[in-house]
Amino acid sequence: MSHPPTTDPTHRLVPSPAGRIHLVEQGAGPLVLLVHGFPESWYSWRHQMPALASAGYRVAAIDVRGYGRSSRPEAVDAYRMRELVADNVAVVEALGEESAVLVGHDWGANIAATSALVRPDVFRAVGLLSVPYAPRGGPRPSEVFTGMGGEEEFYVSYFQEPGRAEAEIEPDVRGWLAGIYAALSADTMPEPDLPDPHFIARGGTMRDRFPAGRPAWLSERDLDVYAGEFERTGLRGALSRYRNMDRDWEELAEFDGAPITQPSLFIGGGRDASTTWMGDAIKAYPSTLPGLVGSHILEDCGHWIQQERPEEINRLLIDWLGRVGDR
């Protein structure tokens, strides 16, 4: 099967319920939509785009609303999950397609999973990186996160009050980003006997526990790109995703316990807290992801999985897409 030659990446703005979504597109073939997490951008997929385009896919990596050049509505509830699903649907339509395969990392994995759940007519397969699928259920999320901190405060609770985390991050965006990338990378994360950066001491900040090292995957240019975007946009839009978790829990009640039946893929890092804390969710995949094609844990890999181990991720994605991408 022959494919057109891989094109250079092209930046586009397309209309969406947010106003506009910025995306970067490359290649031709079945559409694969890539959705980033916090605190990142379309640029998180820089290693995947040329590889997937060369393998015969049309790849579109978006800036989620609130990030980069996409629209940043003021209202906190504009960042609830149903709105982000609607943005993904709008991108598929704007690109002239009827369906797409979705791949998400971190918050993008949650957005991708919910998109597959809510709009199975549009999203025919879903790949989840770093954050396992766990069906909606249980107590209200804010209550769960409050209970996790004990004497300290879990970072998701710390992010809830508008303006609070922004006041920590925005005076030194570049330094804070370098710190969180180091804190969750396998080669620079704190040793297990040191305080966990996912928790904040009372009266403290997250960055108090960030390590000083620089992950091998993060070049000066990479950090410049990420910092440049957040210096321009601020963090309000990105953090507003965390401020809708209770609202999502209420609005998605009809999907309580629901499995994702489309063909799926999970890839996690062996040293990523998202994977280890949610081990029970991975064990439940036979019932929660009945269409699972592959589940992989990359040993000695942290949270920024497609940047820490790009060649491995590319190989796993291309293999999986070869099984599901043309359906």
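Me: Which element gives the most to the lining of the largest cavity?
Reply: That is α3, with three residues in the lining; helices here are DSSP runs (H or I, at least four residues; strands are E, at least two), numbered from the N terminus. This is a predicted model, in which local features need pLDDT of at least 70 and side-chain atom pairs count only at pLDDT 80 or more, while totals for chains, interfaces and linings use all residues. Residues are numbered from 1 along each chain as its sequence is written, and side-chain values use heavy atoms, with hydrogens and water left out.

Me: How many cavities are there of 30 Å³ or more?
Reply: There are two, a cavity being a set of points on a 1 Å grid over the protein atoms alone where a 1.4 Å probe fits but cannot get out, with lining residues having an atom within 4 Å of a point. A volume is the space filled by probe spheres set on the points, which are joined across faces, edges and corners.

Me: What's the volume of the largest, and who lines it?
Reply: The largest cavity holds about 70 Å³ of space, and of its 13 lining residues the closest to the centre are V64, Y67, L84, I111 and R241. Both α3 (107-118) and α9 (236-240) give two or more residues to that lining.

Terms used: On a 1 Å grid over the protein atoms alone, a cavity is a set of points where a 1.4 Å probe fits but cannot get out, and a pocket is an open set with protein on both sides within 12 Å along at least five of seven lines; lining residues have an atom within 4 Å of a point.
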